[in-house]
Amino acid sequence: YGYVVPSDNGDSFGKVARFNLSSFDAVEILDLTVTDTDLKGFSGGFMDGVYGYVVPNNNGAYFGKVARFNLSSFDAVEILDLTVTDTDLKGFSGGFMDGVYGYVVPNNNGAYFGKVARFNL
C-alpha cells in the first residue's frame with residue numbers, strides 16, 4: 001500500500017489515505033480525529049513494517065501527539081503525547097526510525113527549537 005499523511009487542505013485535517021500500489025485504486029480512509037480531535041495537521045510520517053507513524057506539527061496550534069496505526073488492519077490508533085515529557089516537544093517536521101526507536105525532527109513550536117525526540121517503536 002501507499003499512504004498519504006494528512007496535513008492541511010485549507011484547514012488542518014486528520015484523514016490518512018491508503019491505496020493499493022498494484023492496481024492504484026481502492027482508496028481507504030482512516031480518520032485519526034475519531035480517536036482524538038487533536039490528531040490533525042501532521043508533517044510527514046514513517047513506518048516500521050507493523051505500524052505507520054504520523055509526525056505532529058500544527059492543528060491550529062503546535063502540538064506534540066505522535067499517532068501510530070496498524071498497517072495491516074489500518075485501524076487501532078495509538079497516541080504518544082510528547083508534551084507530557086517536555087512541553088517544548090511540539091511542532092515537528094518529519095521523522096524517521098532506526099529499527100528500535102522513532103525520531104521526530106524539531107521545527108517550530110512557536111519559535112524555532114532544536115530538541116529531537118526519540119521514542120520506542
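When its neighbours within four places in sequence are set aside, asparagine 70 is in contact with Val50, Tyr51, Asp75 and Ala76, where contact means heavy atoms within 4.5 Å. The structure is a predicted model, in which local features need pLDDT of at least 70 and side-chain atom pairs count only at pLDDT 80 or more, while totals for chains, interfaces and linings use all residues. Residues are numbered from 1 along each chain as its sequence is written, and side-chain values use heavy atoms, with hydrogens and water left out.

Asparagine 70 belongs to strand β6 (residues 65–70); strands (E, at least two residues) and helices (H or I, at least four) are DSSP runs numbered from the N terminus. Asparagine 70 counts as buried because its relative accessibility is 16%, given that buried means under 20% relative accessible area, exposed over 50% and partly exposed in between (1.4 Å probe, protein chains only). A polar atom of the asparagine 70 side chain lies 2.9 Å from the backbone nitrogen of serine 73.

The loop between β6 and β7 (75–81) holds phenylalanine 74, a residue other than glycine whose phi is positive, near 55 degrees. Most residues other than glycine have a negative phi. Phenylalanine 74 has 6% relative accessibility and therefore counts as buried. A positive phi of about 55 degrees also occurs at phenylalanine 24, which is not a glycine and is found in the loop between β2 and β3; with 64% relative accessibility, however, phenylalanine 24 counts as exposed.

Strands β1, β2 and β3 form, in that order, an open sheet of three strands with antiparallel pairing, two strands being taken to pair if DSSP finds at least two bridges between them. The edge strands of this sheet are β1 and β3, each of which pairs on one side only, and the twist from one strand to the next averages 20 degrees, with axes fitted as lines to C-alpha atoms (for helices over the stretch in contact) and angles running from 0 to 180 degrees between N-to-C directions.

Three bridges link β1 (residues 2–4) to β2 in the antiparallel sense; in this pairing, glycine 2 stands opposite phenylalanine 19 of β2, and tyrosine 3 has arginine 18 of β2 as its bridge partner. Strand β2 is also joined to β3 (residues 28–31) by four bridges, again antiparallel, and here arginine 18 stands opposite glutamate 28 of β3. Of the five residues of β2 (residues 15–19), four are buried, so this strand is largely enclosed by the rest of the structure.

Note on methods:
A polar contact is a pair of N or O atoms within 3.5 Å; within protein, one must be able to donate a hydrogen and the other to accept it, and residues adjacent in sequence count only if both atoms are side-chain atoms.
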